[in-house]
Amino acid sequence: MTESSPTPQQGPPPVVVDDEGRQLTLSTVEMRRILASSFIGSAIEFYDFLLYATASSIVFASLYFTGFGSGSLAVFASFATLAAGYLARPLGGVIFGHFGDRLGRKKTLVLSMIIMGSVTVIVGLMPPASMIGIIAPISLLVLRVIQGIAVGGEWGGAALMALEHAPKAKRGFAASFANAGGPAGAVLATVVMSVMTVLTGDQFVVWGWRIPFLLSAVLIVVGLVIRLKVSESPVFQTLEEEHDRRRIPIFDVLCNHLKPVLIGLAVAVSVYTTQSLVTVWGVSMAVDAGEDKTWVLNWKAGGSLIMILTCFVSARLSDRIGRARMIFIACLVVAASAFPITFLIGSGRIEMFSVAILFGQGIVQGLIYGPISAYVAELFPASVRYTGASVAYQGAAALGAGITPMLASALMLLPFGGLWWVGTIWALVALFGALVVALHQTAIDPENKVRARSQQLESTTIA
C-alpha cells in the first residue's frame, strides 16, 4: 500500500492506493473525477453517435435518400448508413486500442472526442440530396464511418480508465459509468431532438433537426475540459515503466487472445441487438405507423433514463454475485422478453410502443448493459486490454446494432411472418450469449479452484 505525496500546503490530502496503484475506495476526489469523466465523456460521444441513429429513423430517409423512392426502401437505405457506422466501430477499436495500449488511455480518449464532435457538426451543416444529388448520401456514409471509428475508441478507454483505477471489489460498478453514459447521451440526444420538433414545427425536417448536431461543438468543449483533468490509468503507468510497449497489440490479441475476443463478442452482441431493435427499428416502426414524432422521442428518452438506473444496479449486483452469473440471468430475461416486446412495437399504437421501450430499453437492455463493460475488459491482460476489449465489444456493436435494423426492416418486407422472424432472431441471439457465458464459466471454475488450492498449500507450507 502506498500514498501519493503532494507538496506541503498544496492540494487535497494524500490518496491511499494499493500495490497496483488502484484506489481503495470510490469516494475520493480523484476517483469521483475519474468516474465523472468516464460518464460525461461517454455521454457526449454517444450523444453524437445516437443523434445520428435518431435522425436516421425520422429525417434522413426523406432528405438524403430520395433517389430510393419513399417508404421502406428509403428507410432501409438510411439504416444502411447507420449500419456503416457500427461496422466501422471494430476498426476504431483496433486503431485507438493500439495507441491506448502503447501511448495511454487518456490521450486516445481526448482524440476520439475531438474527431467525433467535428464530424457531428459537419453532418449538421450538410446540404440535402435535392441540392447536391448523389454527393449527399455518399458524404453522409463517409462521415458516419468516421463517427464509428471515433466511438469505437471511446468505450474501451472510458471503461478502462474507471476500471483500472477502482478497487477490485467495485470494478464492475466503476466500469458501468462508461456504459451508463451511453443512455445518458441517448436521453440528451432524444430530448434535444424532441424539443426541436416542437419549436420548429413544420420546419423541423428542413432545418430544425440540424440544431442538435451543431450543439455538439459546445458539448465537446465541456467534455475536453473534464477529461483533461483526470490522471492516467495506474495499470498503464506500470506497463509504461516496464517498457512493455513494443508489441503491436492487435497482433498479440489475434495470436494469443482470440478466444476471449470471440467470447466477449458473442456475449455483448445481445446488448446491441436489444438496443437496435427497441430504439432504432422500434422508433422507425412507430413513426411509420403515423405516431407523433415528439411523443415517440419522449418515450425513448424515458426508456433511457430508466436504463441508467438499471445499469448501475445490475453492475453492482455483478460485483456481489459474479459477472458471469449476472449476465447469464440478463440474457435469459432478454430471450423471454423478445416476442412480447416485438409484438408491442409492431402493434402500431403509441401506448404499446411506450410499454415496449420503457421495459425493453429501460429494464431488459439495462440488466445486461451494466456488467458487460467489466466482463469483457476482464477477459484480457492489461497489456492488450484496450485493444482486445474494444475489438470484442465493438465487433458486437457492428453485428448487433449495425445489421439488426436493416435485417428487421428487410424481414418486415416479407409477405407474412415478419414480426415472428424478428422475435425469433432476437431470442436466439440472447440464448446463444447465455450459453457462451455458461460454457466459459464452467471451463474456468476448475482452473480457479486449482489456483486457489495451490495458493492455500503454499501459504500452509510457508507457515
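Start with two helices: H14 passes H16 in a left-handed crossing. Left-handed means that the near helix is turned anticlockwise from the far one by less than a right angle; clockwise is right-handed. Helices here are DSSP runs (H or I, at least four residues), numbered from the N terminus.

A note before you go on. This is a predicted model, in which local features need pLDDT of at least 70 and side-chain atom pairs count only at pLDDT 80 or more, while totals for chains, interfaces and linings use all residues. Residues are numbered from 1 along each chain as its sequence is written, and side-chain values use heavy atoms, with hydrogens and water left out.

**Stop 1: H14 and H16**

Select residues 258-288 for H14 and 323-345 for H16. Their axes come within 11 Å and cross at roughly 20°. That makes H14 roughly parallel to H16 (angles under 35 degrees count as roughly parallel, over 145 as roughly antiparallel, 65 to 115 as roughly perpendicular and the rest as oblique). Axes are lines fitted to C-alpha atoms, for helices over the stretch in contact, and angles run from 0 to 180 degrees between N-to-C directions.

Now show side chains. Among the H14 residues that meet H16 are Val267, Leu277 and Trp281. On the H16 side, look for residues including Ile327, Val334 and Ile345. Contact means heavy atoms within 4.5 Å. The contact residues divide into ten nonpolar, four polar and no charged.

**Stop 2: H4 and H7**

Select 89-102 for H4 and 135-165 for H7. Here the axes come within 6 Å and cross at roughly 55°. H4 and H7 are therefore oblique to each other. Their crossing is right-handed. Find Gly92 and Gly93 in H4, then Gly152 and Gly153 in H7; they are among the residues that meet.

**Stop 3: the core**

Which residues touch the most other members of the largest nonpolar core? Select Phe60, Tyr64, Met193, Trp209, Ile372 and Tyr375. The core has 125 residues, and its largest share, 15 residues, comes from H14. A nonpolar core is a set of buried Ala, Val, Leu, Ile, Met, Phe, Trp, Tyr and Cys residues joined through side-chain atoms within 4.5 Å; buried means under 20% relative accessible area (1.4 Å probe, protein chains only).

Zoom in on Trp209. Its contacts include Val59, Leu63 and Phe204.

**Stop 4: Ile350**

Ile350 is found in H17, residues 350-377. Its C-alpha atom is separated from that of Ala289 by 9.2 Å. Finish by selecting Glu291, Trp295, Val296 and Trp299, which Ile350 touches.

Technical notes:
Nonpolar A, V, L, I, M, F, W, Y, C, P; charged D, E, K, R; others polar. Buried < 20%, exposed > 50% of the residue type's maximum accessible area, 1.4 Å probe, protein only. Lists of a residue's contacts leave out its neighbours within four places in sequence.
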